[in-house]
Amino acid sequence: MPTLSRRTFLVSAAAVAATAGPLTAAARAAAKTPKVLVIGLDGALLQRIKDADAPNLDALMAAGLTAPSSIYANPLAPTLSGPGWSTIITGVWPDKHNVKDNSFTGARFAQYPDFLTRVQTAKPSLNTYAVASWAPITDTVFSAKVDTRVSTPSSEYDTGTTSRAVAQLRDGNPDAVFVHLDNIDHAGHTSGAASQQYLDAVHGADAQVGQIVAAVKSRATYATEDWLIMVTADHGHTDAGGHGGSTLQERQTFLIATGPTLAAGSVRYDVKMPDVAASALAHLGIAIDPAWSLDGRPVQQPAPDDFDALRGRLQSRVDETGIPAGILGFTHTPPAGWSIDNSAMGSGGVTEWRGWSFTTDEFWTQAQRDQNRECNVRARNVFAVADGDEWNDKALTGTFDSTLVSPAYPVTGGRTATLSYTTYYRQESPQKGEVLVSYDGAAPVSVRTYTADVSSRTENVTLQIPAGATTVRVRFRYTGGNNWYWVIDGVAITQG
(Lines give C-alpha, C1' and ligand atoms only; values in the text may rest on other atoms or scores of the structure.)
Protein backbone atom coordinates (compact mmCIF):
# COMPACT_ATOMS: atom_id res chain seq x y z
CA MET A 1 0.00 0.00 0.00
CA PRO A 2 1.60 3.33 -1.03
CA THR A 3 2.30 5.87 1.69
CA LEU A 4 1.58 9.58 1.46
CA SER A 5 4.22 12.09 2.34
CA ARG A 6 3.45 14.69 4.99
CA ARG A 7 3.66 17.37 2.26
CA THR A 8 1.13 15.52 0.07
CA PHE A 9 -1.25 15.21 3.03
CA LEU A 10 -0.99 18.91 3.87
CA VAL A 11 -1.59 19.95 0.26
CA SER A 12 -4.63 17.66 0.05
CA ALA A 13 -6.04 19.04 3.31
CA ALA A 14 -5.56 22.59 2.08
CA ALA A 15 -7.36 21.75 -1.17
CA VAL A 16 -10.32 20.33 0.73
CA ALA A 17 -10.45 23.42 2.94
CA ALA A 18 -10.33 25.70 -0.09
CA THR A 19 -13.13 23.77 -1.75
CA ALA A 20 -15.25 24.04 1.40
CA GLY A 21 -14.86 27.81 1.45
CA PRO A 22 -14.16 30.12 4.41
CA LEU A 23 -15.60 29.07 7.76
CA THR A 24 -18.15 31.32 9.40
CA ALA A 25 -17.57 32.54 12.94
CA ALA A 26 -20.24 30.13 14.15
CA ALA A 27 -18.63 27.22 12.32
CA ARG A 28 -15.20 28.08 13.71
CA ALA A 29 -16.70 28.24 17.21
CA ALA A 30 -18.46 24.91 16.68
CA ALA A 31 -15.12 23.31 15.88
CA LYS A 32 -13.76 24.40 19.27
CA THR A 33 -14.45 23.00 22.72
CA PRO A 34 -17.18 25.05 24.45
CA LYS A 35 -16.45 26.23 27.98
CA VAL A 36 -18.23 28.59 30.39
CA LEU A 37 -17.03 30.99 33.08
CA VAL A 38 -19.53 32.83 35.28
CA ILE A 39 -18.23 35.49 37.69
CA GLY A 40 -20.63 36.84 40.30
CA LEU A 41 -19.95 40.26 41.83
CA ASP A 42 -22.11 40.43 44.93
CA GLY A 43 -23.99 43.72 45.31
CA ALA A 44 -22.41 45.36 42.26
CA LEU A 45 -24.16 48.20 40.46
CA LEU A 46 -23.52 48.55 36.73
CA GLN A 47 -23.50 52.35 36.84
CA ARG A 48 -20.89 52.37 39.63
CA ILE A 49 -18.77 49.93 37.62
CA LYS A 50 -18.87 52.51 34.83
CA ASP A 51 -17.99 55.28 37.31
CA ALA A 52 -15.08 53.36 38.83
CA ASP A 53 -11.58 52.66 37.60
CA ALA A 54 -12.44 49.23 36.20
CA PRO A 55 -10.40 48.61 33.03
CA ASN A 56 -10.98 44.85 32.92
CA LEU A 57 -14.75 45.07 33.18
CA ASP A 58 -14.69 47.97 30.72
CA ALA A 59 -12.77 45.74 28.30
CA LEU A 60 -15.33 42.96 28.64
CA MET A 61 -18.14 45.43 27.91
CA ALA A 62 -16.28 46.72 24.87
CA ALA A 63 -15.69 43.17 23.62
CA GLY A 64 -19.22 41.89 24.09
CA LEU A 65 -22.69 42.47 25.48
CA THR A 66 -23.82 44.76 28.30
CA ALA A 67 -27.37 44.18 29.51
CA PRO A 68 -28.76 46.24 32.41
CA SER A 69 -31.63 44.49 34.14
CA SER A 70 -33.80 44.48 37.24
CA ILE A 71 -35.21 41.95 39.67
CA TYR A 72 -38.21 41.49 41.95
CA ALA A 73 -39.10 42.75 45.42
CA ASN A 74 -41.48 41.52 48.09
CA PRO A 75 -43.84 39.71 48.13
CA LEU A 76 -42.06 37.59 45.50
CA ALA A 77 -38.79 37.85 47.47
CA PRO A 78 -36.71 40.60 49.05
CA THR A 79 -33.59 41.83 47.27
CA LEU A 80 -31.23 39.58 49.23
CA SER A 81 -28.35 37.34 48.19
CA GLY A 82 -30.12 34.04 48.85
CA PRO A 83 -32.95 34.64 46.38
CA GLY A 84 -30.65 36.50 43.97
CA TRP A 85 -27.95 33.89 43.57
CA SER A 86 -30.53 31.10 43.56
CA THR A 87 -32.28 32.80 40.63
CA ILE A 88 -29.06 33.26 38.68
CA ILE A 89 -27.74 29.76 39.34
CA THR A 90 -30.96 27.77 38.83
CA GLY A 91 -32.43 29.77 35.94
CA VAL A 92 -35.84 30.23 37.59
CA TRP A 93 -37.51 33.02 39.57
CA PRO A 94 -38.16 32.82 43.34
CA ASP A 95 -41.76 31.65 42.87
CA LYS A 96 -40.24 28.40 41.58
CA HIS A 97 -37.00 27.86 43.53
CA ASN A 98 -38.78 29.19 46.66
CA VAL A 99 -35.76 30.85 48.27
CA LYS A 100 -37.15 33.86 50.12
CA ASP A 101 -34.19 34.88 52.27
CA ASN A 102 -30.68 33.82 53.27
CA SER A 103 -31.86 30.86 55.34
CA PHE A 104 -32.86 28.87 52.21
CA THR A 105 -35.77 27.35 54.15
CA GLY A 106 -38.10 25.53 51.76
CA ALA A 107 -35.73 25.74 48.78
CA ARG A 108 -36.76 23.54 45.85
CA PHE A 109 -33.29 22.77 44.52
CA ALA A 110 -34.19 19.12 43.88
CA GLN A 111 -36.86 20.28 41.42
CA TYR A 112 -34.87 23.25 40.11
CA PRO A 113 -31.17 22.34 40.44
CA ASP A 114 -28.21 24.58 39.75
CA PHE A 115 -26.87 24.76 36.20
CA LEU A 116 -23.64 22.91 37.04
CA THR A 117 -25.70 19.98 38.34
CA ARG A 118 -27.67 20.01 35.09
CA VAL A 119 -24.35 19.96 33.22
CA GLN A 120 -23.17 16.94 35.22
CA THR A 121 -26.48 15.13 34.66
CA ALA A 122 -26.56 15.76 30.90
CA LYS A 123 -22.85 15.33 30.23
CA PRO A 124 -21.12 13.50 33.12
CA SER A 125 -17.74 13.67 31.38
CA LEU A 126 -17.62 17.46 31.69
CA ASN A 127 -15.72 18.96 34.60
CA THR A 128 -17.53 21.47 36.83
CA TYR A 129 -16.07 23.79 39.45
CA ALA A 130 -17.56 26.37 41.83
CA VAL A 131 -15.76 28.60 44.33
CA ALA A 132 -17.39 31.27 46.49
CA SER A 133 -16.52 33.79 49.15
CA TRP A 134 -20.07 33.46 50.53
CA ALA A 135 -20.30 29.85 51.68
CA PRO A 136 -24.07 29.25 51.19
CA ILE A 137 -23.56 29.40 47.42
CA THR A 138 -21.20 26.44 47.36
CA ASP A 139 -22.57 24.68 50.45
CA THR A 140 -26.28 24.96 49.61
CA VAL A 141 -27.18 26.27 46.14
CA PHE A 142 -24.74 24.11 44.17
CA SER A 143 -25.35 20.40 44.79
CA ALA A 144 -22.91 17.63 45.66
CA LYS A 145 -23.09 16.45 42.03
CA VAL A 146 -20.76 19.32 41.07
CA ASP A 147 -17.23 17.94 40.68
CA THR A 148 -15.61 20.52 42.94
CA ARG A 149 -17.23 22.99 45.34
CA VAL A 150 -15.00 25.28 47.40
CA SER A 151 -16.24 27.60 50.13
CA THR A 152 -13.31 29.94 50.61
CA PRO A 153 -12.25 30.33 54.26
CA SER A 154 -13.27 33.76 55.54
CA SER A 155 -9.64 34.55 56.37
CA GLU A 156 -8.80 34.30 52.67
CA TYR A 157 -11.96 36.06 51.40
CA ASP A 158 -11.91 37.27 47.77
CA THR A 159 -8.12 36.96 47.53
CA GLY A 160 -8.39 33.24 48.22
CA THR A 161 -11.38 32.83 45.91
CA THR A 162 -9.48 34.52 43.10
CA SER A 163 -6.27 32.52 43.56
CA ARG A 164 -8.20 29.25 43.65
CA ALA A 165 -10.15 30.15 40.50
CA VAL A 166 -6.97 31.21 38.71
CA ALA A 167 -5.20 27.97 39.65
CA GLN A 168 -8.12 25.86 38.46
CA LEU A 169 -8.38 27.70 35.15
CA ARG A 170 -4.63 27.74 34.60
CA ASP A 171 -3.70 24.23 35.73
CA GLY A 172 -6.92 22.22 35.43
CA ASN A 173 -9.29 21.47 32.60
CA PRO A 174 -12.71 22.72 33.74
CA ASP A 175 -15.63 22.98 31.32
CA ALA A 176 -17.92 25.12 33.48
CA VAL A 177 -16.76 27.41 36.29
CA PHE A 178 -18.63 29.64 38.74
CA VAL A 179 -16.74 32.22 40.82
CA HIS A 180 -18.30 34.44 43.51
CA LEU A 181 -16.59 37.60 44.83
CA ASP A 182 -18.07 39.38 47.83
CA ASN A 183 -16.17 42.58 48.69
CA ILE A 184 -18.30 45.01 46.65
CA ASP A 185 -21.31 44.00 48.73
CA HIS A 186 -19.27 44.40 51.91
CA ALA A 187 -18.34 47.96 50.89
CA GLY A 188 -21.96 48.70 50.08
CA HIS A 189 -23.05 47.65 53.55
CA THR A 190 -20.31 49.51 55.39
CA SER A 191 -20.06 52.70 53.32
CA GLY A 192 -22.93 52.84 50.81
CA ALA A 193 -23.00 52.65 47.03
CA ALA A 194 -22.38 56.40 46.71
CA SER A 195 -19.06 56.20 48.58
CA GLN A 196 -15.47 56.20 47.42
CA GLN A 197 -15.02 52.97 49.36
CA TYR A 198 -17.58 51.31 47.10
CA LEU A 199 -15.72 52.54 44.00
CA ASP A 200 -12.49 51.25 45.52
CA ALA A 201 -14.08 47.85 46.07
CA VAL A 202 -15.21 47.80 42.43
CA HIS A 203 -11.63 48.62 41.42
CA GLY A 204 -10.33 45.74 43.54
CA ALA A 205 -12.85 43.29 42.16
CA ASP A 206 -12.06 44.46 38.64
CA ALA A 207 -8.40 43.55 39.17
CA GLN A 208 -9.47 40.09 40.35
CA VAL A 209 -11.74 39.67 37.34
CA GLY A 210 -8.72 40.60 35.22
CA GLN A 211 -6.63 37.87 36.85
CA ILE A 212 -9.36 35.28 36.28
CA VAL A 213 -9.89 36.22 32.62
CA ALA A 214 -6.13 36.29 32.05
CA ALA A 215 -5.93 32.75 33.42
CA VAL A 216 -8.46 31.69 30.78
CA LYS A 217 -6.61 33.38 27.95
CA SER A 218 -3.22 32.01 29.03
CA ARG A 219 -4.36 28.40 28.85
CA ALA A 220 -2.20 26.30 26.52
CA THR A 221 -5.38 25.04 24.84
CA TYR A 222 -7.13 28.43 24.66
CA ALA A 223 -6.87 28.61 20.86
CA THR A 224 -8.96 25.44 20.53
CA GLU A 225 -11.55 26.51 23.12
CA ASP A 226 -14.74 28.54 22.79
CA TRP A 227 -15.28 30.47 26.04
CA LEU A 228 -18.52 32.15 27.06
CA ILE A 229 -17.65 34.53 29.91
CA MET A 230 -20.48 36.09 31.91
CA VAL A 231 -20.29 38.61 34.77
CA THR A 232 -23.38 39.36 36.83
CA ALA A 233 -24.72 40.47 40.23
CA ASP A 234 -27.40 39.29 42.63
CA HIS A 235 -28.81 42.72 43.61
CA GLY A 236 -27.84 46.36 43.96
CA HIS A 237 -27.39 48.75 46.90
CA THR A 238 -28.80 52.02 48.11
CA ASP A 239 -26.57 55.09 48.11
CA ALA A 240 -26.59 55.03 51.91
CA GLY A 241 -25.87 51.30 51.97
CA GLY A 242 -27.96 48.17 52.22
CA HIS A 243 -30.47 46.21 50.20
CA GLY A 244 -33.53 44.06 50.65
CA GLY A 245 -36.12 46.70 49.74
CA SER A 246 -37.98 47.69 46.60
CA THR A 247 -36.10 50.74 45.31
CA LEU A 248 -34.94 50.45 41.73
CA GLN A 249 -31.33 50.79 42.88
CA GLU A 250 -31.68 47.75 45.15
CA ARG A 251 -33.39 45.87 42.31
CA GLN A 252 -30.60 46.53 39.83
CA THR A 253 -28.54 43.79 38.24
CA PHE A 254 -26.81 43.27 34.89
CA LEU A 255 -25.08 40.85 32.58
CA ILE A 256 -21.74 41.50 30.91
CA ALA A 257 -20.99 38.69 28.47
CA THR A 258 -18.39 37.90 25.83
CA GLY A 259 -18.54 35.06 23.33
CA PRO A 260 -18.25 34.48 19.58
CA THR A 261 -21.94 35.20 18.89
CA LEU A 262 -22.19 38.36 21.03
CA ALA A 263 -21.50 41.60 19.18
CA ALA A 264 -18.72 43.80 20.53
CA GLY A 265 -20.00 46.86 22.36
CA SER A 266 -23.65 45.77 22.12
CA VAL A 267 -26.34 46.76 24.63
CA ARG A 268 -29.62 44.93 25.20
CA TYR A 269 -32.62 45.38 27.50
CA ASP A 270 -34.30 41.98 27.11
CA VAL A 271 -31.96 40.00 29.39
CA LYS A 272 -33.07 38.72 32.81
CA MET A 273 -31.27 37.04 35.72
CA PRO A 274 -32.37 33.46 34.90
CA ASP A 275 -30.76 33.80 31.45
CA VAL A 276 -27.30 33.16 32.92
CA ALA A 277 -28.03 29.49 33.64
CA ALA A 278 -29.85 28.97 30.33
CA SER A 279 -27.01 30.60 28.39
CA ALA A 280 -24.40 28.41 30.05
CA LEU A 281 -26.35 25.24 29.25
CA ALA A 282 -26.95 26.26 25.64
CA HIS A 283 -23.29 27.12 25.12
CA LEU A 284 -22.24 23.69 26.36
CA GLY A 285 -24.59 22.04 23.86
CA ILE A 286 -27.13 20.92 26.45
CA ALA A 287 -30.68 21.06 25.11
CA ILE A 288 -33.05 22.85 27.48
CA ASP A 289 -35.92 20.48 28.24
CA PRO A 290 -39.29 22.28 28.46
CA ALA A 291 -40.07 19.98 31.40
CA TRP A 292 -37.41 21.83 33.41
CA SER A 293 -39.67 24.90 33.32
CA LEU A 294 -36.73 27.29 33.17
CA ASP A 295 -37.51 31.00 33.13
CA GLY A 296 -34.22 31.85 31.46
CA ARG A 297 -33.55 31.83 27.74
CA PRO A 298 -30.09 31.76 26.13
CA VAL A 299 -28.65 35.22 25.65
CA GLN A 300 -27.14 33.92 22.40
CA GLN A 301 -30.68 33.47 21.03
CA PRO A 302 -32.48 36.82 21.35
CA ALA A 303 -36.22 36.77 20.67
CA PRO A 304 -37.48 40.37 20.50
CA ASP A 305 -41.22 40.90 20.19
CA ASP A 306 -43.22 43.70 18.55
CA PHE A 307 -43.31 45.86 21.68
CA ASP A 308 -39.51 45.90 22.04
CA ALA A 309 -39.24 47.91 18.82
CA LEU A 310 -40.78 50.84 20.71
CA ARG A 311 -37.82 51.44 23.03
CA GLY A 312 -36.47 54.22 20.82
CA ARG A 313 -39.83 56.02 20.93
CA LEU A 314 -40.29 56.07 24.70
CA GLN A 315 -40.97 59.43 26.37
CA SER A 316 -40.21 60.94 29.76
CA ARG A 317 -42.84 61.52 32.43
CA VAL A 318 -45.76 63.92 31.97
CA ASP A 319 -47.96 63.78 35.09
CA GLU A 320 -46.07 61.26 37.22
CA THR A 321 -43.89 62.86 39.91
CA GLY A 322 -42.17 59.83 41.45
CA ILE A 323 -40.43 58.80 38.25
CA PRO A 324 -37.10 60.54 37.61
CA ALA A 325 -37.42 63.04 34.77
CA GLY A 326 -34.49 61.56 32.88
CA ILE A 327 -36.05 58.12 32.42
CA LEU A 328 -37.62 57.50 29.01
CA GLY A 329 -40.28 54.92 29.66
CA PHE A 330 -43.71 55.20 28.07
CA THR A 331 -45.60 55.74 24.83
CA HIS A 332 -49.19 55.32 23.69
CA THR A 333 -48.11 54.79 20.09
CA PRO A 334 -48.39 51.08 19.27
CA PRO A 335 -45.94 49.17 17.08
CA ALA A 336 -46.69 48.51 13.41
CA GLY A 337 -49.84 46.46 12.94
CA TRP A 338 -51.10 47.03 16.48
CA SER A 339 -53.78 49.52 17.59
CA ILE A 340 -55.49 50.74 20.74
CA ASP A 341 -59.26 51.25 20.90
CA ASN A 342 -60.01 53.98 23.46
CA SER A 343 -63.49 54.80 22.12
CA ALA A 344 -65.05 53.86 25.49
CA MET A 345 -62.18 55.23 27.60
CA GLY A 346 -62.80 57.95 30.19
CA SER A 347 -61.09 61.32 29.84
CA GLY A 348 -58.50 63.06 31.99
CA GLY A 349 -56.53 61.11 34.55
CA VAL A 350 -52.78 60.58 34.55
CA THR A 351 -51.52 60.98 30.99
CA GLU A 352 -49.02 58.14 31.12
CA TRP A 353 -51.72 55.54 31.89
CA ARG A 354 -54.73 56.79 29.92
CA GLY A 355 -55.65 53.54 28.16
CA TRP A 356 -53.12 50.87 27.27
CA SER A 357 -49.56 52.15 27.45
CA PHE A 358 -46.22 50.67 26.43
CA THR A 359 -43.64 50.96 29.17
CA THR A 360 -40.61 49.43 30.92
CA ASP A 361 -39.88 48.05 34.36
CA GLU A 362 -37.65 50.96 35.33
CA PHE A 363 -40.44 53.43 34.47
CA TRP A 364 -43.60 51.62 35.58
CA THR A 365 -42.35 50.33 38.94
CA GLN A 366 -41.34 53.84 40.01
CA ALA A 367 -44.85 55.17 39.42
CA GLN A 368 -45.67 53.69 42.82
CA ARG A 369 -43.52 51.24 44.76
CA ASP A 370 -44.71 48.36 46.94
CA GLN A 371 -47.93 47.68 45.05
CA ASN A 372 -46.51 44.46 43.55
CA ARG A 373 -45.49 46.01 40.23
CA GLU A 374 -41.98 44.78 41.02
CA CYS A 375 -43.24 41.18 40.68
CA ASN A 376 -43.81 41.54 36.93
CA VAL A 377 -40.65 39.50 36.35
CA ARG A 378 -41.47 37.57 33.19
CA ALA A 379 -42.16 40.54 30.93
CA ARG A 380 -39.05 41.68 29.09
CA ASN A 381 -37.86 45.01 27.70
CA VAL A 382 -40.95 46.99 26.59
CA PHE A 383 -44.37 45.62 27.55
CA ALA A 384 -48.00 46.78 27.45
CA VAL A 385 -49.81 47.78 30.64
CA ALA A 386 -53.32 48.92 31.53
CA ASP A 387 -53.07 50.56 34.96
CA GLY A 388 -56.38 51.84 36.30
CA ASP A 389 -54.87 52.51 39.72
CA GLU A 390 -52.30 55.02 38.47
CA TRP A 391 -54.66 56.54 35.90
CA ASN A 392 -57.00 57.52 38.75
CA ASP A 393 -54.37 59.65 40.51
CA LYS A 394 -55.56 62.79 38.68
CA ALA A 395 -59.01 64.27 38.04
CA LEU A 396 -60.95 62.31 35.42
CA THR A 397 -64.37 61.44 34.11
CA GLY A 398 -65.72 58.03 33.16
CA THR A 399 -64.11 54.66 33.67
CA PHE A 400 -61.13 52.77 32.33
CA ASP A 401 -62.14 50.86 29.20
CA SER A 402 -59.33 50.28 26.72
CA THR A 403 -58.63 47.50 24.21
CA LEU A 404 -55.23 46.54 22.83
CA VAL A 405 -55.63 45.07 19.33
CA SER A 406 -53.08 42.84 17.63
CA PRO A 407 -52.24 42.57 13.94
CA ALA A 408 -54.11 39.97 11.86
CA TYR A 409 -51.99 36.83 12.16
CA PRO A 410 -52.12 34.32 9.26
CA VAL A 411 -53.60 30.93 10.17
CA THR A 412 -54.86 27.81 8.42
CA GLY A 413 -58.54 27.10 8.91
CA GLY A 414 -59.81 23.83 10.30
CA ARG A 415 -56.81 23.35 12.55
CA THR A 416 -55.82 24.40 16.07
CA ALA A 417 -53.43 27.23 16.88
CA THR A 418 -51.84 28.38 20.12
CA LEU A 419 -52.13 31.94 21.37
CA SER A 420 -49.26 32.59 23.79
CA TYR A 421 -48.45 35.70 25.79
CA THR A 422 -46.80 36.73 29.03
CA THR A 423 -49.20 38.24 31.54
CA TYR A 424 -49.37 39.66 35.05
CA TYR A 425 -52.73 40.64 36.48
CA ARG A 426 -53.72 42.17 39.83
CA GLN A 427 -57.44 42.18 40.55
CA GLU A 428 -59.87 44.41 42.42
CA SER A 429 -63.59 44.29 41.64
CA PRO A 430 -65.24 45.45 39.39
CA GLN A 431 -62.12 45.30 37.25
CA LYS A 432 -61.94 42.71 34.45
CA GLY A 433 -59.46 41.61 31.83
CA GLU A 434 -60.72 39.83 28.75
CA VAL A 435 -58.95 38.16 25.82
CA LEU A 436 -61.00 38.00 22.63
CA VAL A 437 -60.23 36.68 19.16
CA SER A 438 -61.83 37.32 15.78
CA TYR A 439 -61.37 35.38 12.54
CA ASP A 440 -61.27 37.18 9.19
CA GLY A 441 -62.79 40.29 10.77
CA ALA A 442 -65.85 38.57 12.27
CA ALA A 443 -67.25 39.49 15.69
CA PRO A 444 -64.74 38.90 18.53
CA VAL A 445 -65.33 35.95 20.86
CA SER A 446 -63.96 35.66 24.40
CA VAL A 447 -61.31 32.98 25.01
CA ARG A 448 -59.98 33.98 28.45
CA THR A 449 -61.29 36.19 31.28
CA TYR A 450 -59.37 37.52 34.29
CA THR A 451 -61.25 38.36 37.49
CA ALA A 452 -58.69 37.09 40.04
CA ASP A 453 -54.99 37.70 40.64
CA VAL A 454 -52.63 36.00 38.20
CA SER A 455 -48.92 35.95 39.00
CA SER A 456 -46.40 36.67 36.28
CA ARG A 457 -46.52 33.75 33.83
CA THR A 458 -46.80 32.69 30.20
CA GLU A 459 -50.29 31.74 29.05
CA ASN A 460 -50.99 29.29 26.24
CA VAL A 461 -54.55 29.33 24.87
CA THR A 462 -55.61 26.72 22.32
CA LEU A 463 -57.70 28.19 19.49
CA GLN A 464 -59.88 26.14 17.16
CA ILE A 465 -59.58 27.92 13.82
CA PRO A 466 -62.84 27.82 11.85
CA ALA A 467 -62.75 26.07 8.49
CA GLY A 468 -61.77 28.47 5.74
CA ALA A 469 -60.42 31.18 8.10
CA THR A 470 -57.12 32.74 7.05
CA THR A 471 -56.44 35.33 9.79
CA VAL A 472 -56.94 35.77 13.53
CA ARG A 473 -56.79 39.02 15.47
CA VAL A 474 -56.44 39.21 19.28
CA ARG A 475 -57.95 41.85 21.58
CA PHE A 476 -56.99 42.50 25.20
CA ARG A 477 -59.75 44.53 26.87
CA TYR A 478 -59.29 45.97 30.35
CA THR A 479 -62.22 47.60 32.19
CA GLY A 480 -62.43 49.03 35.69
CA GLY A 481 -62.17 52.11 37.86
CA ASN A 482 -59.66 52.93 40.58
CA ASN A 483 -58.52 49.30 40.69
CA TRP A 484 -55.24 47.60 39.73
CA TYR A 485 -53.50 46.65 36.49
CA TRP A 486 -52.85 44.17 33.69
CA VAL A 487 -49.56 43.49 31.85
CA ILE A 488 -49.26 41.85 28.42
CA ASP A 489 -46.05 40.95 26.57
CA GLY A 490 -44.64 38.51 24.02
CA VAL A 491 -47.86 37.90 22.09
CA ALA A 492 -47.58 35.17 19.43
CA ILE A 493 -49.77 32.83 17.39
CA THR A 494 -48.28 29.46 16.37
CA GLN A 495 -49.59 26.49 14.44
CA GLY A 496 -47.96 23.10 14.31
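Me: In this predicted model, what covers the buried residues of H10?

Reply: The cover over the buried residues of helix H10 includes strand E1 (33-41) and helix H11 (196-217).

Me: Which residues of H10 are buried, and how should I read their placing around the axis?

Reply: The general idea is that an α-helix has 3.6 residues a turn, so residues three or four places apart point the same way. In this structure, H10 spans residues 183-191, and Ile184, Asp185, Ala187 and Gly188 are buried in it. Viewed down the axis of H10, these buried residues fall within an arc of 160°, so they line one face of the helix. After H10 comes Gly192, which has a positive phi, near 95°.

Me: How do I describe the packing of H10 and H11?

Reply: Two packed helices are described by the angle between their axes and the distance between the axes. Here the axes of H10 and H11 cross at roughly 175° and come within 8 Å; the two helices are therefore roughly antiparallel to each other. On the H10 side the contact is made by Asn183, Ile184, Ala187, Gly188 and Ser191, and on the H11 side by Gln197, Tyr198, Ala201, Val202 and Ala205. By class, the residues of this contact divide into 6 nonpolar, 4 polar and no charged.

Me: At what angle do H7 and H12 pack?

Reply: Helix H7 (residues 115-122) packs with helix H12 (residues 275-283) at an angle of about 25°, their axes being 10 Å apart, and that makes H7 roughly parallel to H12. Their crossing is right-handed. Phe115, Arg118 and Val119 of H7 meet Ala277, Ala280 and Leu281 of H12, a contact with 5 nonpolar, no polar and 1 charged residues.

Methods:
Residues numbered from 1 in each chain as written. Predicted model: local features only at pLDDT ≥ 70, side-chain atom pairs only at ≥ 80, totals over all residues. Heavy atoms only, no water. Axes fitted to C-alpha atoms, helices over the stretch in contact; angles between N-to-C directions. Helix = DSSP H or I, 4+ residues; strand = E, 2+ residues; numbered from the N terminus. Parallel < 35°, antiparallel > 145°, perpendicular 65-115°, else oblique. Left-handed = near helix turned anticlockwise from the far one by under 90°. Contact = heavy atoms within 4.5 Å. Nonpolar A, V, L, I, M, F, W, Y, C, P; charged D, E, K, R; others polar. Buried < 20%, exposed > 50% of the residue type's maximum accessible area, 1.4 Å probe, protein only. Arc of directions from axis to C-beta.
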